[in-house]
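Visitor: I would like to learn how to read a structure like this one feature at a time. Please give me the general idea first, then the case at hand.

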Amino acid sequence: MQLVEEVVIVGAGIAGLATSLGLHRLGIRSLVLESSAGLRVTGFALTTWTNAWRALDAVGVGHSLRQQHGFLDGVVASSSVVSKPGKQMSFKVKGTIGDHEVRCVRRKLLLEALEKELPDGTIRYSSKVVSIEDSGYLKLVHLADDTIIKTKVLIGGDGVNSVVARYIGFKKPAFSGRSAIRGYADFKVNHGFGSKFLLLLGKGVRSGFLPCDDTTIYWFFTYIPTDQDKELEGNPTEMKQFVLSKLGNVPDHARTCVEITELDSITSSPLRFRHPWEVLWGNISKGNVTVAGDALHPMTPDIGQGGCAALEDGVVLARCLAEALKKELNVEGKEREREEYKRVEMGLKKYAAERRWRSFELISTAYIVGAVQQSDGKIMNILRDAIVAKFLAGLLLKKADFDCGKLNIS
């Protein structure tokens with residue numbers, strides 16, 4: 001079977017759905033190919049910083065998500081090695097454009113909010129891409145079920161193992177040397193964490209607890225795995241026991257949070273990132289093909305900007321592509337195909353130019369912050385505690401003080 005589409009997006013994750021919705025708002029249909037049978041909600045939740053809310057407002061779903069998630073008004077950073085009062089840092093400050101807004105959003109609710117606004121039939125589930133082929137000015141996307149889709153534009157939002165990223169020349173993301181165990185705890189009653197992000201720094205480990213609302217908490221635990229620790233993946237019972245054994249000197253309610261987490265609400269994954277110089281010097285677009293989200297800028301989670309940057313990508317990409325596709329053409333036949341291809345190519349180059357330095361900056365900052373926070377050296381730990389106490393909140397807010405712009409096109 002062969003289909004013909006104007007825009008094909010691979011992956012119904014944050015970047016893919018945000019791009020598709022942005023295009024829809026601008027009057028352009030897209031087809032989203034998702035390999036899974038339904039929306040993928042791995043990771044449970046994500047911190048949505050000010051920049052993410054600007055992108056969510058641009059695509060029109062910010063209001064509904066605000067109703068379901070409470071404000072985070074600051075971070076409390078403590079050592080899990082020694083008993084010292086935590087350092088409190090407020091998020092209630094003004095940025096260059098306006099007040100900061102920080103919330104912890106459930107990934108499932110975010111993806112559902114984006115999906116709900118798309119026309120029926122936009123997402124084609126159980127559609128695994130196996131290869132990409134040139135066909136004149138078009139691309140042929142081959143699926144595992146032998147379907148072939150012709151498209152004028154191909155966008156990869158297919159995550160860290162992106163088929164589309166490999167096609168345009170990116171290497172496989174590198175292992176950072178660290179792994180993360182994540183969980184989602186439902187207390188059923190008020191959890192008692194208030195509205196602050198609790199960050200705990202230990203010897204070679206880092207953990208965090210973020211309220212999504214009054215009764216639920218998203219938590220994470222990052223560590224440097226040994227060969228033995230690799231056996232944890234896929235065994236949530238052992239993951240939970242491992243976290244509890246390594247948490248260190250933490251508040252009782254933080255330990256309780258891990259203890260009450262259901263086994264089907266615990267997951268583990270290695271932390272991968274793209275070398276920042278690949279983004280700076282490599283091809284973000286190639287002809288009528290580009291990438292977004294983790295397919296473009298996989299990063300460690302240490303500044304909480306992976307999903308936020310994916311939302312930015314979606315708005316910028318939709319705007320740049322719509323400008324190219326909606327321009328009037330006064331030619332026909334092969335000349336029209338050639339002109340359309342050139343305009344799409346220029347639109348994607350414009351997107352790449354807008355996102356290149358931003359991606360480089362976020363990947364680099366996340367990696368450095370993670371390396372400092374998760375150090376197991378005594379001298380580095382002393383420096384780390386001083387740095388975290390003074391600079392962490394400011395750094396996080398600085399990276400969030402960014403506006404990807406509206407969906408308006410000229």
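Visitor: In which sense do S9 and S10 pair, and over how many bridges?

Guide: Two strands pair if DSSP finds at least two bridges between them. Strands here are DSSP E runs of at least two residues, and helices are H or I runs of at least four, both numbered from the N terminus. S9 and S10 pair in the antiparallel sense, over four bridges. Within this pairing, Lys139 has Thr151 in S10 as its bridge partner.

Visitor: Before we go on, what kind of model is this?

Guide: It is a predicted model, in which local features need pLDDT of at least 70 and side-chain atom pairs count only at pLDDT 80 or more, while totals for chains, interfaces and linings use all residues. Residues are numbered from 1 along each chain as its sequence is written, and side-chain values use heavy atoms, with hydrogens and water left out.

Visitor: Which other strands pair with S10?

Guide: Strand S1, residues 2-10, pairs with S10 in the parallel sense over eight bridges. Strand S17, residues 289-291, also runs parallel to S10 and is joined to it by three bridges. Ile155 in S10 stands opposite Ile9, and Ile155 also stands opposite Thr290 in S17. As a general point, side chains in a regular strand alternate between the two faces of the sheet.

Visitor: Is Asp146 buried or exposed?

Guide: The cut-offs are these: buried means under 20% relative accessible area, exposed means over 50%, and partly exposed lies in between, using a 1.4 Å probe and protein chains only. Asp146 has a relative accessible area of 62%, so it is exposed.

Visitor: Where does Lys188 sit, and what is its phi?

Guide: Lys188 is in the loop between strand S11 (174-186) and strand S12 (196-201). Its phi is positive, about 70°, although Lys188 is not a glycine. With a relative accessible area of 67%, Lys188 is exposed.

Visitor: How many salt bridges does the structure hold?

Guide: A salt bridge is a side-chain nitrogen of Lys or Arg within 4 Å of a carboxyl oxygen of Asp or Glu. The structure holds 28 salt bridges. One of them links Asp99 and Lys94, with the closest N and O atoms 2.8 Å apart. Asp99 is exposed at 51% relative accessible area, and Lys94 counts as exposed at 65%.

Visitor: Which parts of the chain do Glu340 and Lys152 link?

Guide: Glu340 forms a salt bridge with Lys152, the closest N and O atoms being 3.3 Å apart. The pair links distant parts of the chain, since Glu340 is in helix H10 (residues 333-373) and Lys152 is in strand S10, 188 residues apart. Lys152 is partly exposed, with a relative accessible area of 29%.

Visitor: How are Glu335 and Arg338 placed in helix H10?

Guide: Glu335 and Arg338 are three residues apart in H10, so about one helical turn separates them. They form a salt bridge whose closest N and O atoms are 2.9 Å apart. Glu335 is partly exposed at 35%, and Arg338 counts as partly exposed at 31%. Elsewhere, salt bridges that share partners join Glu312, Asp313, Arg355, Arg358, Glu361 and Lys399 into one network.

Visitor: Which side chains make polar contacts with Thr216?

Guide: A polar contact is a pair of N or O atoms within 3.5 Å; within protein, one must be able to donate a hydrogen and the other to accept it, and residues adjacent in sequence count only if both atoms are side-chain atoms. The side chain of Thr216 makes such contacts with the side chains of Asp213 at 2.7 Å and Tyr184 at 3.4 Å. Thr216 is in strand S14, residues 216-223, and is buried, with a relative accessible area of 4%.
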